[in-house]
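Hi,

Here is the structure I promised to pass on. Have a look at it first, then read my notes below.

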Amino acid sequence: MFRNPIKDKIAFVGVGSTGFFRDANARTRNDMAIEASIKAIRDAGLGQADIDGVVGTAPAAREIVEALGLPKVTHFSNQPMPLVFGVVDAMNAVFSGAAETVLMYHALYRAPAISRSAANDPFRRGLGFGGSPAPAPTRHDPEVLGAEGYAAWMSRYFHEFNAPREVLGMIAVNERSGAVKNPLAAMREPITMDDYLSARMVREPLCLLDMDVPVDGADAFVITTAERAKDMPHKPVLIHAATNGITARNKEENLDGLRHHGQHVVLEALRAKSDIWIPDIDVYFPYDGFTPITLQWIENTGWCKPGEGYDFLKDNWDEANQRIMIDGRIPMNTHGGNHSEGGTQGSGHIREAITQLRGDAGERQVAGAKNAFLTPGGMFFNAQGLVLRTD
Amino acid sequence: MGAITDQELLARLPDTLIDHDNKEFYRGWLERRLVLNRCADCGFWHHAPRAWCPQCWSHNVVPTEVSGRGTVHLLIFLHQGPPAPGVDYSTPHPVATIELAEQEGLRIQSTIVNCARDDMRIGMPVKLTWVERYGAPYPVFEPAEA
């Protein structure tokens, strides 16, 4: 049922990033998307005429084509977040021949409703999530679950397993410890478990330090065939396996439960497609838009049994470096993740995985890293998996 | 049903996105009846309202009043959020997912009233009641005997 004819046939050959900011910023979303795109194309040693595919979240792909002056594009599309939706579309486009070399981009822009400094920027009036125009206003009922769904299912986890809040606190501290060493990150001040436990509640049982930070910024990537990648400037990073996953009951409150949701579909497919599994990986990137997502990925991926996340994290805690170090060897979200680098909906995880596998991660570098395991997305309607490798 | 015209429904819930799939759910609000979709062929309930049964693919879906009995399945407390009438985030505001008695997994989002915060918990039995919000009835839940 799970074929993977594309395995190792497509490679990431370019990356570019603006870095991420949460303070006042007099630039537009387009400005940053274009900067990251130019950087990624130049990083791949390419120019305008080489890009014949464009896949992104927002802004619209046709705008990026025009902004970059790409003369002839045969595949262009916009995909939802997180970024593996775009990765799957881009790699399939290259594999099928719809395009030879695809630019993939993702830009973040804080809306006035979620950021004080964005609210003070008169040029952001009328913008909603991600910097797209806000939908027409309707009545607000706080009982409607959106992102609150993560807090809601964490309430169920606490009810079922009676775990202490520290299980999430260790994840938050780990993310921040990564961001401290990442020059692209928005949040670079270290935090402690005491900071976590005393942070104000927002969506109880989740506090301020359980949530990612809204940022401005953009990431971009260039994807082409593994064959072509051999002649390009950087060590190719191969897409070994990629998948999305969803179940019939994917609306937040309708989930079957903590033991059956989108993550389980992803993991079953990824396990079947990938020759590389968790004992073989060198660096690990579970999603962390909200800390319960990370906890769910860790348990569902099989590092430990459901409900045993607290003991697992305690047993694999690197006290000296205030981070998770699985089996004393595998670090997690070395760049700080959505939580502390900035809420990039997974583009940061992919960029950092590529950077690590190229050997370009500086003081964050995992020595000899060859295999990266990424699980972007949450539990409801956007769970994803991606295994990247180098030779 | 039928006493409240489409025009009255739209006039009394002017800022709600009402369409042909969910109009009976919201018409039920104005009559203080909780009306969810049930398949007349296979008996399967679903929510939010859709025109086709997700279980058997029948189009014979009938808006049907539920008993209003259920249990708290998920429970959070909002300490901040956009303003809404009668909602006090400083208390903080409870948001509950209620699993209704009619069917396992049939759930509705609401809040809990007439209950001290420390007494609210996952698994507690609740029953439907109504408050006024934006000038119209709004379904909420209160503690019930088991």
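A contact, as I use the word here, means heavy atoms within 4.5 Å. With that in hand, residues 24 or more positions apart account for 72% of the contacts in chain A with a separation of 6 or more. In chain B, 49% of the contacts between residues at least 6 apart in sequence join residues at least 24 apart.

Some housekeeping before the rest. This is a predicted model, so local features need pLDDT of at least 70 and side-chain atom pairs count only at pLDDT 80 or more, while totals for chains, interfaces and linings use all residues. Residues are numbered from 1 along each chain as its sequence is written, chains are lettered from A and ligands numbered from 1 in the order in which they are written, and side-chain values use heavy atoms, with hydrogens and water left out.

**Chain A**

Chain A has 13 helices and 14 strands (DSSP runs numbered from the N terminus: helices are H or I with at least four residues, strands are E with at least two). Its radius of gyration is 20 Å, close to the 21 Å that the globule rule gives for 391 residues, so chain A is as compact as a globular protein of that length. That radius is taken over C-alpha atoms, and the rule is 2.2 Å times the number of residues to the power 0.38. The C-alpha trace of chain A spans about 55 × 50 × 40 Å along its principal axes.

Of the 391 residues in chain A, 62% are buried (under 20% relative accessible area; exposed is over 50%, partly exposed in between, with a 1.4 Å probe and protein chains only).

Two cis peptide bonds in chain A deserve a look. One runs from Met81(A) to Pro82(A), with omega near -5°, and Pro82(A) sits in the loop between strand 3 (75-78) and helix 3 (84-96) of chain A. Another joins Glu204(A) and Pro205(A), with omega about 20°; Pro205(A) is in the loop between strand 5 (201-204) and strand 6 (206-207) of chain A.

**Chain B**

Chain B has two helices and eight strands, in the order α-α-β-β-β-β-β-β-β-β from the N terminus on. For 146 residues, a compact globule would have a radius of gyration near 15 Å, and the 16 Å of chain B agrees with that. Its C-alpha trace spans about 45 × 35 × 25 Å along the principal axes, and buried residues make up 49% of the chain.

With a relative accessible area of 70%, Trp57(B) is exposed.

Glu142(B) is in strand 8 (residues 136-143) of chain B and is buried, at 16% relative accessible area. Leaving aside residues up to four places away in sequence, Glu142(B) touches several others, including Val113(B), Asn114(B) and Lys127(B). Val126(B) is also a neighbour: it is 16 residues from Glu142(B) in sequence and 5.3 Å away in space, C-alpha to C-alpha.

**Salt bridges**

How many salt bridges does the structure hold over all chains? There are 35, where a salt bridge is a side-chain nitrogen of Lys or Arg within 4 Å of a carboxyl oxygen of Asp or Glu.

In chain B, Arg27(B) pairs with Asp6(B), the closest N and O atoms being 2.9 Å apart. Arg27(B) lies in helix 2 (residues 23-30) and Asp6(B) in helix 1 (residues 6-12) of chain B, so the pair ties together parts that are 21 residues apart in sequence. Arg27(B) is buried at 5% relative accessible area, whereas Asp6(B) is partly exposed at 37%. Glu31(B) forms a salt bridge with Arg33(B), with 3.2 Å between the closest N and O atoms, and Glu31(B) is partly exposed at 22%.

In chain A, the side chains of Glu341(A) and Arg351(A) meet at 2.0 Å, N to O, and both residues are buried. There is also a salt-bridge network that links Arg27(A), Asp31(A), Glu35(A) and Lys39(A).

Cheers
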